[in-house]
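Open your viewer and follow along, one selection at a time. Each stop says what to pick and what you will find there.

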Amino acid sequence: MREKILNYIQKNSRIDISELAVILGEDEAGVMNALEEMEQEHIICGYHTLIDWEKAGIEKVLAMIEVRVTPQRGMGFDKVASHIYNYPEVESVYLISGGFDLMVTIEGKSLREVSGFVTDKLSTMDSVLSTKTNFILKKYKEHGSIMAEKSKDERMKVSL
Amino acid sequence: MRDPLSKVIKTIEPSGIRKFFDIVSEMEDAISLGVGEPDFDTPWRIRDEAIYSLEQGRTFYTSNAGLRELKEEIAKYLYRRFDLSYDPAGEMMLTVGGSEGIDIALRAMLDPGDEVLIPQPSYVSYYPCTILANGTPVVIPLQEKNEFRLTKEELLSYITDKTKILILPFPNNPTGAIMEKKDLEEIAEVIIDKDIFVLTDEIYSELTYDKEHVSIASLPGMKERTIYINGFSKAYAMTGWRLGYVCAPEVILKQMLKIHQFAIMCAPTTSQYAAVEAVRSCDDEVADMREQYNERRRYLMHRFEEMGLKCFEPFGAFYVFPSIAEFGLTSDEFATKLLSSKKVAVVPGTAFGDSGEGFLRISYAYSLDNLRIALDRIEEFIKELKG
């Protein structure tokens, strides 16, 4: 049941619990318990909203920063990662295989704010070897959802 | 001027939803639950294959029976999914939707006077196609108490010495009924005993819920007397691509191929290339759509129960077929009133045969958000009727 619930709420976490139980063919109390358990176990780590800020007319600057670091003895990359992700302007941090080590996404109000964070905070950390900042120009798809407006139902309204 | 029309064509009634269609199309804010096709877009990988085939300039006819590569993939798919073994070289052809398959099978098999048994409620093409093929349609009215399955007794009571073909439309549009293995075994026994053929329309075979689909062609002794119709429209959300297929004994298929060759030439080439990708690698996409239909099906059944609308549990297709007999209105009156007062369009059961009287076809090929609004309105309507 856990997997069924997770698969569903990954796409739509706003659904009413009793309705979720109905469409999954489970009983309501069971679904409620499973959700609570998964929240406590930190399997469900949060419920967020996907927002098209541009459409809302609110200025946001997003950057994906490729970071090369020196892993630390006994801690691997975890310590430097936590050093980075504790900054509130950091949206996400991933450990990456390939040409660099950490992929850090930053959200700021302006170009200056983001570049300020990179030059003042990120690149000055002892274990950070280099950074490469990529500003995001346009979001097409995020979290499995396409940002463009939904297309209209173009089917004939009644058909047999 | 002399009458330009044939006597036969004038006996055929136009489809029963014209009136509805006209009203709904005019109404700006109407919500329709009247659609008989998936709401999903064709999976992107299939569309991408079609685009690629066009880029490659594959814009010619294919052979009459269809692309060999596609037929081979379909043969593998039918074996993998439904335990059916067909020879792609002699027992299979691609058609313009499942509809063409139905038409040409009847034309290849019927002589004047031959009777075709048509269980109803069912899809609207069997009856006129039988007439156009010089056959005599004989309707078997199915019953709600049997969950609209065809029973052995019903079948036996309509068989005469002129009966040649039984049409088996399951999973069923409009009722959502299915036939399970035990049901089919009883039918197969009669079919073999009475020396009849079966035209099984399994276009909804990928859409069964909580139960496995079984094809009558997979039962012992049935393959040689079954014309198996399937296609891409429902399983892969490819209605507009117009691509179906028929599997049948070579002796029948050969004759069907003649009609197809002269009347159609070949199924659309772009669709055939795209379909290779569909049968080869879209089992996951199909399962995902099936799961979403199932969620909606459960939601509808739950809402009906809550509002006190009687409905047997359907396990197939994407329709539910609730009974409205208790309200003292005909299906047509109910649907017309629902549309004018609450702006929700559903199809009266009678559009699929007289035995659909007292029922409505409600399609769940809609998003849950859409269904929620429509069901709220239906609930209000029922409350008002119950006064």
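A salt bridge here is a side-chain nitrogen of Lys or Arg within 4 Å of a carboxyl oxygen of Asp or Glu. Before selecting anything, please keep in mind that this is a predicted model, in which local features need pLDDT of at least 70 and side-chain atom pairs count only at pLDDT 80 or more, while totals for chains, interfaces and linings use all residues. Residues are numbered from 1 along each chain as its sequence is written, chains are lettered from A and ligands numbered from 1 in the order in which they are written, and side-chain values use heavy atoms, with hydrogens and water left out.

**Stop 1: a helix in chain B**

Select B:Arg107 and B:Asp103, which form a salt bridge with the closest N and O atoms 3.0 Å apart. Both sit in helix α5 (residues 97–109) of chain B, and because they are four residues apart there, about one helical turn separates them. Helices (H or I, at least four residues) and strands (E, at least two) are DSSP runs, numbered from the N terminus. Over all chains, the count comes to 38 salt bridges.

**Stop 2: where chain A meets chain B**

Now show both chains. Contact (heavy atoms within 4.5 Å) joins 14 residues of chain A to 29 residues of chain B. The buried area is about 1900 Å², with carbon and sulfur atoms giving 60%; the term means the accessible area (1.4 Å probe) that two parts lose on being put together, summed over both. On the chain A side, pick A:Arg155, A:Lys157 and A:Leu160: these lose the most area to chain B, together 44% of what that side buries.

How many salt bridges are there between chain A and chain B? The count is one. Select B:Arg372 and A:Glu19 to see a salt bridge whose closest N and O atoms are 2.4 Å apart. Helix α2 (residues 17–24) of chain A gives the largest share of the side that touches chain B, four residues. By class, that side of chain A has eight nonpolar, two polar and four charged residues. Here Ala, Val, Leu, Ile, Met, Phe, Trp, Tyr, Cys and Pro count as nonpolar, Asp, Glu, Lys and Arg as charged, and the others, Gly among them, as polar.

**Stop 3: the two domains of chain B**

Colour chain B by domain: domain 1 is 7–42 + 284–381 and domain 2 is 59–281, bounds that come from an automatic or database domain assignment. Their centres, taken over C-alpha atoms, are 25 Å apart, and each domain of chain B brings 37 residues to the contact. About 3000 Å² is buried between these domains, 64% of it from carbon and sulfur atoms. Highlight B:Phe312, B:Phe315 and B:Phe352, which supply 23% of the area that domain 1 buries against domain 2, more than any other three residues.

Two salt bridges cross between the domains of chain B. Next, select B:Arg297 and B:Asp210, a salt bridge with the closest N and O atoms 3.1 Å apart.

**Stop 4: an aromatic pair**

Rings of Phe, Tyr and Trp (its six-membered ring) pair if their centres lie within 6.5 Å; planes under 30 degrees apart count as stacked, over 60 as edge-to-face and the rest as tilted. The whole structure has 19 aromatic pairs over all chains. Select B:Tyr204 and B:Tyr319, an edge-to-face pair at 5.8 Å centre to centre with 75 degrees between the planes. B:Tyr204 lies in the loop between β6 (197–201) and β7 (226–231) of chain B and B:Tyr319 in strand β9 of chain B, so the pair ties together parts 115 residues apart in sequence.
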